[in-house]
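I opened this entry to keep track of what I looked up, element by element. The structure comes first, my notes after.

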Amino acid sequence: MSDNQMNENMPKHTAAPKRGKKKKKGNIVLKIFMIIALLAIIVGIVFYFAFIHLKEVKYKRANLVINNRNMTESLKADVILENGVIYISSKDVGNFFDSSIYYDNKYDQIITSSYNKLAVMPVGKTQIQVNSSNINIKAPVMKKENSFYIPFSALEDIYNVKVNYNETTNIVTVDSLDRDYKIATTGKEARVKQKPSAFSKTVAIVEQGESFIIANREDYPVPDGWIRVRTETGVLGYVKDKKMGQINTIREAIKEQKKVEGPVSLVWDYYSEYVTAPERSGTSIKGVNVVSPTCFTLKRLGKGVVEENVGEQGKKYIAWAKQNGYEVWPSISNNSYIDTTAEVMRDYKLREKLINQIVDYVTKYQLDGINIDFENMYAEDKENFSQFLVELRPRLNEIGAVLSVDVTAPDGGETWSMCYDRNTIGKVADYIIFMGYDQYGVSSTKSGTTAGGDWIETNIKKFLGQEGVSPDKLILGIPFYTRLWVERNGKISSRDTVAMKSVDKVLPENVKKTWDENLKQNYVEYKQNGATYKMWIEDEKSIEAKLDLIKQYQLAGVAFWEKDMEANSVWNLVASKLGIN
């Protein structure tokens with residue numbers, strides 16, 4: 001029998017069912033079902049917490065929302081609510097609203113300012129001064145545990161803000177009135193999400209017909225399809241844009257207008273109690289848009305008194321300037337009275353006296369601004385001088401006047417350089433003028449240039465770098481003079497100031513001029529009568545090199561000391577370089 005036949009005749013058996021495999025398949029199905037069920041539970045929980053109605057979010061401590069940003073975690077002290085008044089600590093006011101807020105220990109008062117308001121608030125008293133006028137407020141500054149608390153909600157006009165408190169959510173909102181303010185009404189009930197995601201926690205419910213404040217900010221990116229909002233109760237979050245009704249602008253941001261369009265080209269015009277104002281009727285100065293007559297000085301031992309040297313001729317000068325379209329920023333000098341300056345800078349009431357006079361003169365003569373020229377001050381008065389400018393700034397803003405401040409080069413002597421906080425001055429003033437001259441001055445024991453190009457450029461970099469001054473605030477001061485140095489036996493015997501226009505009259509004929517590429521000046525040296533004469537010349541070529549720095553570093557402009565020392569042809573150069581007719 002063949003193998004095939006044997007196989008065919010053998011009895012056939014039915015195969016037994018494979019129970020183990022069915023059981024395994026059943027287990028897999030069960031596991032899948034359990035996973036799906038578990039996911040459903042998780043999704044259900046997520047949706048429960050995402051869509052739960054949270055109409056009232058009550059915080060344990062008052063939350064502070066400033067211009068649609070929750071600043072609570074940045075607070076140095078809790079916000080206090082007492083007798084309907086919202087108090088914020090002076091440290092937090094300094095952090096968020098007024099970095100120059102100041103406690104005056106001598107008079108036990110807080111001094112704080114905004115763009116056009118200066119408020120002086122005696123601790124514990126409800127009568128305060130605003131721009132030197134007495135007013136009453138609802139609650140005083142209070143002191144608790146060595147900290148000062150400012151009655152912020154009572155000072156809305158000072159800081160130009162609107163303050164609201166919502167008792168339900170325990171949120172304080174502060175909105176600056178110079179910023180955009182937009183609202184929208186919901187077309188249907190909207191859930192406010194903690195994050196711009198449908199699965200995010202719902203932090204508030206806004207019913208149909210209620211309003212949102214639009215709270216979009218650059219520091220809170222919002223993905224397409226969402227809008228960042230603030231509820232009427234102060235809660236911040238995100239809403240689907242399809243839930244929004246029409247957005248209405250209630251208030252547009254106020255943009256600060258530049259007080260001088262284009263580059264500043266200022267020239268100082270000297271006159272004083274000893275020299276009457278120059279007669280300029282029928283003339284004009286090409287390339288200039290600001291004149292600064294030196295007609296106000298601090299009186300020696302005068303306790304903040306400003307001596308006025310305008311007079312009838314000065315009034316004619318101001319009228320001439322106005323007729324020619326020049327702005328008038330008179331210089332107010334301290335005449336280098338170091339002790340008188342110290343006395344005034346160290347006493348608020350004397351500073352106030354000085355400021356009130358400045359404001360009165362600006363108003364009386366319809367001036368466009370002022371130029372503060374305080375030189376030779378004690379280094380320890382650096383902060384006091386800055387405080388004086390902080391207090392002056394809002395008073396001038398109130399009347400629309402420009403504040404410019406003269407300073408020397410950084411890193412110099414204590415009373416001539418270290419007495420300025422250039423960073424603060426650059427922030428407070430409209431313009432900070434670098435007096436780019438007297439590199440080697442009248443007290444120098446070594447002969448040298450008045451304003452070397454390399455020295456000027458190095459100091460411009462310091463202003464913009466280590467001093468943190470914005471280039472659109474920095475004006476470069478340029479001299480219209482130089483000095484003739486005379487040396488005998490290796491020592492300086494004289495140093496005479498020579499006007500730019502008189503250089504060739506002072507120098508001998510045919511003297512050789514050598515251009516110094518580093519200093520960007522012509523240099524002459526010659527011997528006469530046993531002495532060596534040296535001069536680093538200011539001429540059109542050296543002035544042009546300095547003017548080139550204005551464009552190179554995108555500075556705010558230029559200032560010239562002083563009128564009538566220049567060669568007349570220089571004004572065509574200035575006009576051409578700055579684009580000012």
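I started from Ile-358 and skipped its neighbours within four places in sequence; the contacts left are Ile-332, Ile-370, Ile-372, Phe-388, Leu-392 and Leu-396. I note here that the model is predicted.

I then looked up the largest nonpolar core, which has 93 residues. The members touching the most others are Ile-358, Ile-372, Phe-374, Phe-385 and Phe-388. Helix 7, residues 348-364, contributes the most to this core, with 7 residues. I also found a second, separate core of 28 residues; Ile-86, Ile-110, Val-130 and Phe-148 are among them.

**Helix 5**

I checked the length of helix 5, residues 311-323. Its 13 residues reach 19 Å from first to last C-alpha, close to the 18 Å expected at 1.5 Å a residue.

Which residues of helix 5 are buried? I list Gly-314, Tyr-317, Ile-318, Trp-320 and Ala-321. Down the axis of helix 5 the buried residues fall within an arc of 160°, so they line one face of the helix. On the face turned away from the buried side I noted the exposed residues Glu-312, Lys-316 and Gln-323.

I looked next at what the buried residues of helix 5 pack against, and found strand 21 (264-269), strand 22 (290-293) and strand 25 (327-328). Gly-325 follows helix 5 and has a positive phi, near 80°.

**Strand 31 and its partners**

Is strand 31 mostly covered or mostly open? I count it as mostly covered, since 7 of the 8 residues in 481-488 are buried. Strand 31 pairs with strand 32 (residues 491-499) in the antiparallel sense, over 8 bridges. Across this pairing, Arg-483 stands opposite Thr-497 of strand 32. The hairpin of the two strands has 2 residues between them, and Asn-489 takes a positive phi near 55° there.

Strand 31 is also joined to strand 35 (residues 531-537), antiparallel, by 4 bridges. Here I noted Trp-485 opposite Lys-534 of strand 35.

I traced an open, antiparallel sheet of 4 strands in the order 3-4-11-10. Strand 3 (80-82) and strand 10 (142-144) are its edges, each pairing on one side only. From one strand to the next the twist averages 35°. Strand 4 (residues 85-89) meets strand 11 (residues 147-151) over 3 bridges, antiparallel. I recorded Ile-150 in strand 11 as the bridge partner of Ile-88.

Methods: Residues are numbered from 1 along each chain as its sequence is written. This is a predicted model: local features need pLDDT of at least 70, side-chain atom pairs count only at pLDDT 80 or more; totals for chains, interfaces and linings use all residues. Side-chain values use heavy atoms; hydrogens and water are left out. Buried means under 20% relative accessible area, exposed over 50%, partly exposed in between (1.4 Å probe, protein chains only). Two strands pair if DSSP finds at least two bridges between them. Axes are lines fitted to C-alpha atoms, for helices over the stretch in contact, and angles run from 0 to 180 degrees between N-to-C directions. A nonpolar core is a set of buried Ala, Val, Leu, Ile, Met, Phe, Trp, Tyr and Cys residues joined through side-chain atoms within 4.5 Å. Contact means heavy atoms within 4.5 Å. The expected span of a helix is 1.5 Å times one less than its number of residues. The arc is that of the directions from the helix axis to the C-beta atoms.
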